[in-house]
Amino acid sequence: MARDREADGETLRAIQRSARAGNHAQAAALAQAARADGLEHPLIYNVLALRHELEGAVGEAEALLQHAVRLAPLDPAARNALGLCLLRLERPAQALAQFDALLAANPTLAFAHANRGSALSAQGRMKEAEVSFQRAVELDPRQPVALTGLGTIASWRGDYGQARARVEKALELLPDYPDAILTLASVELGEKRPALAESRIRTLLSRSDLDARFRAHANGLLGDALDAQSRTAEAFAAYSLCNEMLREAHAPEFNVQPSATQYVRSLVEHLRHADSSAWRDQPPQQPGPASDHIFVLGFPRSGTTLLEVVLEGHPRVTSLEENELLMDGVLRFMQRPADLDGLLRCPPSTLNELRAMYWRRVAAGGVDVTGKVFVDKNPLNTLKLPLIARLFPRAKILLACRDPRDVVLSCFRHRFFMSAPIYELLTLQGAADYYDAVMRLALECNRLLPLQICLVRHEDVVTAFAREMRRLCEFAGLEWVPAMGDFALRTRGREFLTPSTAQLVKGLNTEGLGHWLRYREQLEPVLPTLEPWVKQFLYEDQAGAGRLNQQLKATVIRSPSPSKGVTS
């Protein structure tokens, strides 16, 4: 039977009037009735999706919006809503594809440029995000999402004056915008006004319209504000609440078996029984486009970003931070520990193919490494040491190290982009167990594999910078140049921002050293797990924590051969 187009039109107009008036319950009821009556229109699915989002059922909302986009691919409201939904689900690459499609059809949509900037910033692509936010403001100077995004980027770079100006303008336009309120609180923390930030965050948390993931991050920032006031017990409670909420939100995706920790432990066990002679029998490495190759790895919050930005100051060095450049090899030979046996047996042609894929990924990242020393910085590439040893046996490896107690506490306190390893960091015991597993893997790889590793302790870098950097440069085959020490200025313009960026723009500082002591009581349950590493990395004697001497070869990581191993 043919539908009554006039009646359907009136139904859609009624739904739209209710939605625009903010009566979402009535709009959803009308939309549900229209759907039950067989009316198919993207507005119906958009309104129903909004109801699910307000109820916290973001996955159900996505399914409805996917259907709306299939139904009407050119409908801007449906595609924009889907992109925003994907952002809430922390799938920024997929969200970006929706905003790009929206702008391809209509490049003058300011809101689409703003949301595109949000998707880019969620991936750490800050220069591109900044361009999108600025384009949105050019098209519409009253675009609060774009103004907030520009303020957030300025805050991460430590430019709190510009950040405040941008965010306050956004709040003039949209006083209740949660993202802008939270960013302003972050700015106040940077301005050393933690009590004001605390008050602002608590007011925000009293609202009932915040979704669970946003509320979690707000509690995490509240923890930072309380920590800055030395109210450690309250801060720890806020961090714990943040992480509990994130664990619950991400459990369907990451609370699986084997966990990231179990996977690393199984790698360690496999390598313990591996044939060391087979691993040392390396086939010739095909020359790559770079003149030399350095991997900076370790564990999150161990000082890898500082090492990278220092190296970037050398005219012969180029880098591409925290990209999964080894993914092709991981998918082929590291999905299960037993897959490593296939890596040992594969012919040189396969290794050359994987190397070529690696360098193609580097080029796709916009970096020309021809004739340069290429730095691949990714803390958890520690897990990929068997693959690195097989593909790039001549590469130099900088293993960043920091007091394990400070590392675990810092990981527990920070909000990272979620992944299986990061999910492990959402509890103190989980973070300690994962740290323990990764460090055991590093030691086992150093024993078994023909690696050239230089241990670099963060505490020694920030307290004896010149000495440590000259030692590092000697290992890497670089001459020290004064520009390498000007990392604070370079950090402001970096493409990829991390939780360390706002600290690095201030230059060297020792504020975070021994921070764990303020949380000794809370850390007590995990100290036995970390104690072997405290001794292993010479942090047991705090008075001698600045020493790097021949002890390292014997007590930190045992060298696998007379000519290769840890450089101290």
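Analyst: Below we talk through strands, a helix, charged pairs, cysteines and aromatic rings.

User: Great. What kind of model is this, and how are the residues numbered?
Analyst: This is a predicted model, where local features need pLDDT of at least 70 and side-chain atom pairs count only at pLDDT 80 or more, while totals for chains, interfaces and linings use all residues. Residues are numbered from 1 along each chain as its sequence is written, and side-chain values use heavy atoms, with hydrogens and water left out.

User: Which way do the β4 side chains point?
Analyst: Lys-396, Leu-398 and Ala-400 point one way, and Ile-397, Leu-399 and Cys-401 point the other way. In a regular strand the side chains alternate between the two faces of the sheet.

User: And which strands does β4 pair with?
Analyst: Two strands pair if DSSP finds at least two bridges between them. Strand β1 (residues 292-297) runs parallel to β4 and is joined to it by four bridges, with Phe-295 having Ile-397 as its partner in β4. Strand β5 (residues 452-457) is also parallel to β4, over six bridges, and there Leu-398 has Cys-454 as its partner.

User: Switching to helices: where does α14 bend?
Analyst: Helix α14 (residues 232-254) bends by about 40 degrees at Glu-248, and a proline, Pro-252, follows within four residues. The bend at a residue is the angle between axes fitted to the seven residues ending there and the seven starting there.

User: What do the buried residues of α14 pack against?
Analyst: They pack against α13 (212-228), α22 (404-413), α23 (420-424), α24 (428-448) and α29 (520-523). Contact here means heavy atoms within 4.5 Å. The buried residues of α14 include Phe-236, Tyr-239 and His-250.

User: How many salt bridges are there?
Analyst: The count comes to 36 salt bridges, each being a side-chain nitrogen of Lys or Arg within 4 Å of a carboxyl oxygen of Asp or Glu. Side chains of opposite charge can pair when their charged atoms come close.

User: Can you show me one? What does Glu-53 form a salt bridge with?
Analyst: Glu-53 bridges to Arg-88, and their closest N and O atoms are 2.5 Å apart. This pair links distant parts of the chain, with Glu-53 in helix α3 (residues 42-54) and Arg-88 in helix α5 (residues 76-88), 35 residues apart. Glu-53 is buried at 12% relative accessibility, whereas Arg-88 is partly exposed at 25%.

User: Which other residue does Arg-88 meet in a salt bridge?
Analyst: Arg-88 also meets Asp-211, at 3.2 Å from N to O. Asp-211 sits in the loop between α12 (194-205) and α13, 123 residues apart from Arg-88.

User: Now cysteines. How many disulfides?
Analyst: The count is zero, where a disulfide is a pair of cysteine sulfur atoms within 2.5 Å. The sulfur of Cys-346 is 17 Å from the closest cysteine sulfur, in Cys-445, which is too far for a bond. Cys-454 is in no disulfide either, with the nearest cysteine sulfur, that of Cys-473, 10 Å away.

User: Last topic: how many aromatic pairs are there?
Analyst: The structure holds 14. Rings of Phe, Tyr and Trp (its six-membered ring) pair if their centres lie within 6.5 Å, and planes under 30 degrees apart count as stacked, over 60 as edge-to-face and the rest as tilted. Phe-236 and Tyr-519 form a tilted pair, 6.5 Å centre to centre with 45 degrees between the planes. Phe-236 lies in helix α14 and Tyr-519 in the loop between α28 (501-504) and α29, so this pair ties together parts 283 residues apart in sequence.

User: What about Trp-533 and Phe-537, how far apart are their centres?
Analyst: Their ring centres are 6.0 Å apart and their planes are at 25 degrees, so the pair is stacked. Trp-533 is buried at 4% relative accessible area, and Phe-537 is buried at 2%.

Technical notes. Buried means under 20% relative accessible area, exposed over 50%, partly exposed in between (1.4 Å probe, protein chains only). Helices (H or I, at least four residues) and strands (E, at least two) are DSSP runs, numbered from the N terminus.
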